[in-house]
Amino acid sequence: MLSTYSYPRAVRLAILASLCFASSTWGAESATTSEFESLFDGESLKGWTTADGKPVTKGWQVVDGMLVRNARGGSIYTEKEYGDFELRFEWKIARRGNSGIKYRMAHYDKGVYGRPGWLGYEYQIWDDARETSDDTSAASIYLLQAPAKDKKVKPAGEFNTARIVAVGTHLEHWLNGEKVLDVETDTDDWLKRIEKTKFGPIEDIFQNPKGRIMIQDHGNKVWFRNIEIRQIENGGESE
């Protein structure tokens, strides 16, 4: 895959504009539908593993076509790695719940607080009825970028639609059909944001151009369905 990390910013923006035009309506039949591949077949955990690549045997279940975190089992990861992509999915969270989808994951021997672990940018999944800071609320890039204040998030127990677009150093988070944040991660301002968080001391943090996608087990019940992805390559054409 030809990563758009190497593309000029104008080219990245052109790619993003084409993505927004092609898939602005959730669930609509369009020429881009066949470009997406399912990450969850609604029947099994095929394609998902534990952090060390083993089959998922506890904590996560398939219930009525949904991927559900029912008990402690640890976070789960895609078998494949993804670099530039558009990911779309639906989620709902239990009352006062917390979860997330992390992407471009990389392993750090000295991660948060010096402990080894897998890290990546996170689309925060959160019950916004539970008080928190803006940059840890639903659809934020956890600790780094708050979503739009006028975002439309549904209450705990109801499904939300979501999208993550990652093209080179450009990231977008969408919620219920609306783009709620749009950032460039190659700026001095962005680096300063990272430095102010618990991620600041970690060498080469968030510099991974591709990696697995992770669904977080944060101790609360969470549901997912219709998880689909398309990879972006050669100027934005999907596989």
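Colleague: Starting with Lys152, what does it count as at 49% relative accessibility?
Modeller: Lys152 counts as partly exposed. Buried means under 20% relative accessible area, exposed over 50%, and partly exposed lies in between, with a 1.4 Å probe and protein chains only.

Colleague: And where do these values come from?
Modeller: This is a predicted model, in which local features need pLDDT of at least 70 and side-chain atom pairs count only at pLDDT 80 or more, while totals for chains, interfaces and linings use all residues. Residues are numbered from 1 along each chain as its sequence is written, and side-chain values use heavy atoms, with hydrogens and water left out.

Colleague: Which side chain meets that of Lys152 in a salt bridge?
Modeller: That of Glu178, at 3.4 Å from N to O. A salt bridge here is a side-chain nitrogen of Lys or Arg within 4 Å of a carboxyl oxygen of Asp or Glu. Helices (H or I, at least four residues) and strands (E, at least two) are DSSP runs, numbered from the N terminus.

Colleague: Glu178, buried or partly exposed?
Modeller: Glu178 is partly exposed, with a relative accessible area of 34%.

Colleague: How many salt bridges in the whole structure?
Modeller: A search finds 16. One of them joins Arg230 and Glu86, whose closest N and O atoms are 2.8 Å apart. Because Arg230 is in strand E13 (residues 222-233) and Glu86 in strand E6, that pair ties together parts that are 144 residues apart in sequence.

Colleague: Glu86, buried or exposed?
Modeller: Glu86 is buried, at a relative accessible area of 0%.

Colleague: Which residues are linked with Arg230 and Glu86 in a network of salt bridges?
Modeller: Glu35 and Arg163.

Colleague: What does Arg88 pair with?
Modeller: The side chain of Arg88 meets Glu228 in a salt bridge, 2.8 Å from N to O. This pair links distant parts of the chain, with Arg88 in strand E6 and Glu228 in strand E13, 140 residues apart. Arg88 is buried at 12% relative accessible area, whereas Glu228 counts as partly exposed at 24%.

Colleague: And Phe89, where is that?
Modeller: In strand E6, residues 85-93. Phe89 is buried, with a relative accessible area of 0%. Phe89 and Ile164 are 75 residues apart in sequence, but 8.9 Å apart in space, C-alpha to C-alpha.

Colleague: Change of topic. How many cavities of 30 Å³ or more?
Modeller: The count comes to 3. On a 1 Å grid over the protein atoms alone, a cavity is a set of points where a 1.4 Å probe fits but cannot get out, and lining residues have an atom within 4 Å of a point. Grid points are joined across faces, edges and corners, and a volume is the space filled by probe spheres set on the points.

Colleague: What volume has the second largest cavity?
Modeller: About 40 Å³. Its lining includes Tyr103, Leu119, Phe206 and Asn208.

Colleague: Which strand gives the most to that lining?
Modeller: E7, with 4 residues. Strand E7 (98-108) and E8 each supply at least two residues of the lining.

Colleague: How do the lining residues divide by type?
Modeller: Into 6 nonpolar, 2 polar and 1 charged. Ala, Val, Leu, Ile, Met, Phe, Trp, Tyr, Cys and Pro count as nonpolar, Asp, Glu, Lys and Arg as charged, and the others, Gly among them, as polar.

Colleague: Where is Gln216?
Modeller: In the loop between E12 and E13. Gln216 counts as buried, at 10% relative accessibility. Leaving aside neighbours within four places in sequence, its contacts (heavy atoms within 4.5 Å) include Trp60, Ser75, Lys102 and Glu122.

Colleague: And Pro209?
Modeller: Pro209 is in the loop between helix H2 (188-195) and strand E12 (214-215). Pro209 is partly exposed, with a relative accessible area of 37%. Pro209 and Met105 are 104 residues apart in sequence and 9.2 Å apart in space, C-alpha to C-alpha.

Colleague: Last one: how many helices and strands has the chain?
Modeller: The chain has 2 helices and 14 strands. Of its 239 residues, 49% count as buried.

Methods:
1 Å grid on protein atoms, 1.4 Å probe; cavity = no way out; pocket = protein on both sides within 12 Å on 5 of 7 lines; lining within 4 Å.
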